[in-house]
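Please look over the sequence and the structure below before reading on.

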Amino acid sequence: MKKSILLICILFLGVTVMAQTEKIKLGVKAGLNLANLTFDESELDSSSKTGFTAGLMVEIPVAKNFSIQPELLYSQQGTKISFSDRDVTNSNYKSTIDLNYLNIPVMLKYYVLKGLSVQAGPQIGILLKANNEYHDNFLGYDNHENLDLKKYSTGIDTSVNFGLGYQYKDKFYTDLRYNLSYSNVFKESDVNYVINNDMKNRVFQITIGYFFK
């Protein structure tokens, strides 16, 4: 974790030095997440969870058609999980795992056409909240509970983003991204909390934004 944060700090410093004579733009953005968690458990069914994302962005030109865009984003992620035991009548389980992150992506943007850019870059996410709100029904008996999962989590998510962006008149901005995590959300598996230590974040994101002149 410390090495990753140090690398991002060095990258921020480097691009700032390179861009001293260029025009740096500060902006805000907000949008929608379609999030999920991948895992190997075959008996559980998962589906996408919608969430909100918002924060700040800075575009730093570094060369012709190339820019670096660091961001600081609040992001709601997670998944929905369901399970039904076919051998037991009136037995089912449904839950929503809520994961809230402070994400720090650093995107490399290449403008293929005026306003249109392809993007890719690493991201570090700091976990702010991890809950599992579930409802189960066993033989007709209902049970509801909200569980705190943060103590089971790794706390840091490392991932990579791929996407497309478009700027209109250098002010209005929109992008589409796919976020692919390569670190585990949880440190251990627990059948009582319906979490696996191989769960990883997957997020499709659409945002709109505005750059201040």
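This is a predicted model: local features need pLDDT of at least 70, side-chain atom pairs count only at pLDDT 80 or more; totals for chains, interfaces and linings use all residues.

Because Lys25 lies in strand β1 and Glu59 in strand β3, which covers residues 49-63, the pair ties together parts of the chain that are 34 residues apart in sequence.

Glu59 counts as buried because its relative accessibility is 4%, which falls under the 20% cut-off. Lys109 is buried too, because its relative accessible area is 0%.

A further salt bridge is formed by Lys29 and Glu71, whose closest N and O atoms are 3.2 Å apart. Here Lys29 sits in strand β1 and Glu71 in strand β4, residues 66-84, and the pair links distant parts of the chain, 42 residues apart. Lys29 and Glu71 are both buried. Salt bridges with shared partners join Lys29, Glu71, Asp175 and Arg177 into one network. The count of salt bridges comes to seven, and the table lists three of them.

| Salt bridge | N to O distance |
|---|---|
| Lys29 and Glu71 | 3.2 Å |

## The chain as a whole

The strands named above belong to a protein chain that has one helix and ten strands. Of the 213 residues in the protein chain, 42% are buried. Among contacts between residues at least 6 apart in sequence, 65% join residues that are at least 24 apart. The protein chain exposes about 11,700 Å², and carbon and sulfur atoms supply 60% of that area.

## The nonpolar core

In soluble globular proteins, nonpolar side chains tend to be buried together. Which residues have the most contacts inside the largest nonpolar core? They are Ile97, Leu99, Leu149, Phe186, Ile195 and Met199, in a core of 18 residues. The elements that give two or more residues to this core are β5 and β6, the latter covering residues 116-138, and the largest share, four residues, comes from β5.

When its neighbours within four places in sequence are left aside, Phe186 is in contact with Leu99, Leu149, Tyr152, Ser153, Thr154, Ile195, Asn196, Asn197 and Met199.

## A nonpolar patch on the surface

Nonpolar side chains are also found on the surface, where Leu32, Leu34, Phe162, Leu176, Tyr178, Leu180, Phe204 and Ile206 form a patch with about 650 Å² of accessible area together. The elements that give two or more residues to this patch are β1 (residues 25-38), β9 (residues 172-181) and β10 (residues 200-212), and the largest share, three residues, comes from β9. Ile206 counts as partly exposed because its relative accessibility is 37%, a value between the cut-offs of 20% and 50%.

Most residues other than glycine have a negative phi. Lys169, although it is not a glycine, has a positive phi of about 55°, and Asp170, which is not a glycine either, has a positive phi of about 60°. Where is Lys169 placed? Lys169 lies in the loop between β8, residues 156-168, and β9, and Asp170 is likewise in the loop between β8 and β9. Lys169 counts as exposed because its relative accessibility is 62%, over the 50% cut-off, whereas Asp170, with a relative accessible area of 39%, is partly exposed.

Terms used. Residues are numbered from 1 along each chain as its sequence is written. Side-chain values use heavy atoms; hydrogens and water are left out. Patches are made of residues with over 30% relative accessible area and no salt bridge: like charges are joined within 9 Å, nonpolar side chains (Val, Leu, Ile, Met, Phe, Trp, Tyr) within 5 Å. Accessible areas come from the Shrake-Rupley method with a 1.4 Å probe; for residues, only the protein chains shown count as cover. A salt bridge is a side-chain nitrogen of Lys or Arg within 4 Å of a carboxyl oxygen of Asp or Glu. Buried means under 20% relative accessible area, exposed over 50%, partly exposed in between (1.4 Å probe, protein chains only). A nonpolar core is a set of buried Ala, Val, Leu, Ile, Met, Phe, Trp, Tyr and Cys residues joined through side-chain atoms within 4.5 Å. Contact means heavy atoms within 4.5 Å.
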